Amino acid sequence: MTNLGNEAWFKDPALTRVFTLLNADGGEGRVVGGAVRNSLMGLAVNDIDLATTLTPEQVIARAAAAGVKAVPTGVAHGTVTLVIDGKPFEVTTLRADVETDGRRAKVAFSSDWQTDAERRDLTINALYVDAKGEVIDMVGGLADIDKRNIRFIGDAATRVGEDYLRILRFFRFFAYYGSGRPDADGLRACASARANLKKLSAERVWSELRKLLSAEDPSRALLWMRQVGVLSEVLPETEKWGIDAIPALIGTEKALGWKPDPLLRLAAIVPPDAHRLEKMATRLKLANAEAAWFKAWAEAPVINDELSSAAFARLLYRHGTVGIQARLKLALATARGKAEGDMQEMARSARLSRLLELAQGWKKPQFPINGGDVLDAGVPAGKQVGETLAALEDFWVEETFTPDRAALLARLNDLIH
């Protein structure tokens, strides 16, 4: 038997209190899902979720009696969050699917552990740990963890048909935990049902894609998604653009210590076309900040890596740093991918690195005068004020921000007299 009783997270007194609360008077609670999977794989354990034979009402009542805070985070679905010493523990009643339509499930509460395990998606996510630390495997998850095999529980097509989001989850978990070739039955099920991804809400699709693109190295998962047609279903923008830039970007991230950025990785596989990206942002219902990021990237100029520092500063002033940094990072990744044995690409990489460093440390200078100064100089209110101010700002930028307020006011006086 596999036992996790000596793991630091398992010996946490707060978790011990949760077990005590759930396991009294014929009830039972077990840790389930990510904490078990990650612990067995030697990875960090963050959130600890539990499954229980108790109903949500029973969990809440026991928590009240024990002086434990209970938050009804999803009572209709069987979930109560217990908070002990500031740590949240999601506790969900065992469930059985009554009806599924590929988007949502109607469930009934249950006391059958086997049924609860078999309704879950992947074998590595359906392992339990009891109060003694014993790992309980009813679906073959331990063997799959040993092999780093991402496999649906039971019949793959049936699991996918219950919730089409599992197509994306299959590839997301492969990106994080899989090795070798994805499970053949899982690939076939995902390929066969891929058209049904259109039935899902945009928010669910983008949430999964964002998580997938945040993996340490999603390149193999993206390759298999492309191979079976799933990538084109959710990101048709990639069809003619391809995913060839991803490996070089991942390699550059690792070499330079960049934090994985799902937006930058997505930018690497879609064309920098503002109109198409606006449609993509609308379709996926990206957050306003995310949509603005893609707009800035698409509208940023292609950077000449031989620009002088002064010319580059002028470019940053006019276009901002967000889109330009994205352009530079993608160009640098491409150059580094070609640099081995190529002196020209090595030199280009060095120049791009210099510009990126400048962009990352750049602070936008404040234009020293404003419309009030133009009015005070005698320019009548109206369109001419804006035009005059713009002309002065153009002069100031072209002089690389060196003229001070006095010099600009003198030039203003020259312009209007």
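**Figure 1. The lining of the second largest pocket.** Helix 12 (245-256), helix 17 (321-338) and helix 18 (343-360) each supply at least two residues to the lining of the second largest pocket. The view, like those that follow, is taken from a predicted model. Helix 17 contributes the largest share of this lining, with six residues. The space in the second largest pocket amounts to about 400 Å³. In total, 20 residues line this pocket, and those closest to its centre are Trp297, Arg327, Leu330, Ala331 and Thr334. Sorted by class, the lining comprises 16 nonpolar residues, one polar residue and three charged residues.

Figure 2. Strand 1 pairs with strand 2 (residues 48-52) in the antiparallel sense, over four bridges. Within strand 2, aspartate 49 stands opposite valine 32. Strand 1 is also joined to strand 8 by two bridges, and these two strands run antiparallel. The bridge partner of valine 32 in strand 8 is tyrosine 128.

**Figure 3. Tyrosine 128 and its aromatic partner.** The structure holds 14 aromatic pairs. In one of them, the ring centres of tryptophan 113 and tyrosine 128 lie 5.2 Å apart and the ring planes stand at 80 degrees; the pair is therefore edge-to-face, since an angle over 60 degrees is classed in this way. The pair links distant parts of the chain, with tryptophan 113 in helix 4 (residues 113-118) and tyrosine 128 in strand 8 (residues 127-129), 15 residues apart. Both tryptophan 113 and tyrosine 128 are buried. Arginine 30 lies over the face of tyrosine 128, at 5.9 Å from the ring centre.

**Figure 4. The loop between helix 4 and strand 8.** Isoleucine 124 is placed in the loop between helix 4 and strand 8. The relative accessible area of isoleucine 124 is 1%, so this residue counts as buried. Isoleucine 124 and valine 36 are 88 residues apart along the chain, and their C-alpha atoms are separated by 8.7 Å.

Figure 5. Strand 4 (residues 79-84) is mostly covered, with five of its six residues buried. Strand 3 (residues 69-74) runs antiparallel to strand 4 and is joined to it by four bridges. Leucine 82 in strand 4 stands opposite alanine 70. Four residues lie between the strands in the hairpin of strand 3 and strand 4, where glycine 78 takes a positive phi near 95 degrees. Strand 4 also pairs with strand 5 (residues 87-93), in the antiparallel sense and over six bridges. In strand 5, phenylalanine 89 stands opposite leucine 82. The hairpin of strand 4 and strand 5 has two residues between the strands, and here aspartate 85 takes a positive phi near 55 degrees.

Figure 6. Ring pairs link Tyr317, Phe367, Trp396 and Phe401 into a cluster. A pair of aromatic rings is described by the distance between the centres and the angle between the planes. Tryptophan 396 has a relative accessibility of 2% and therefore counts as buried. Phenylalanine 401, at 16% relative accessibility, also counts as buried, because the limit for this class is under 20%. Tyrosine 317 lies in helix 16 (residues 309-319). With a relative accessible area of 10%, tyrosine 317 is buried as well. The C-alpha atoms of tyrosine 317 and alanine 64 are separated by 59 Å, and the two residues are 253 residues apart along the chain.

**Figure 7. An arginine over a phenylalanine ring.** Arginine 411 lies over the face of phenylalanine 395. The distance from arginine 411 to the ring centre is 3.8 Å.

Definitions and conventions:
Residues numbered from 1 in each chain as written. Predicted model: local features only at pLDDT ≥ 70, side-chain atom pairs only at ≥ 80, totals over all residues. Heavy atoms only, no water. Phe/Tyr/Trp six-rings, centres within 6.5 Å; stacked < 30°, edge-to-face > 60°. Buried < 20%, exposed > 50% of the residue type's maximum accessible area, 1.4 Å probe, protein only. Lys NZ or Arg CZ within 6 Å of the ring centre and 35° of its normal. 1 Å grid on protein atoms, 1.4 Å probe; cavity = no way out; pocket = protein on both sides within 12 Å on 5 of 7 lines; lining within 4 Å. Points joined across faces, edges and corners; volume = space filled by probe spheres on them. Nonpolar A, V, L, I, M, F, W, Y, C, P; charged D, E, K, R; others polar. Pairing = 2+ DSSP bridges.
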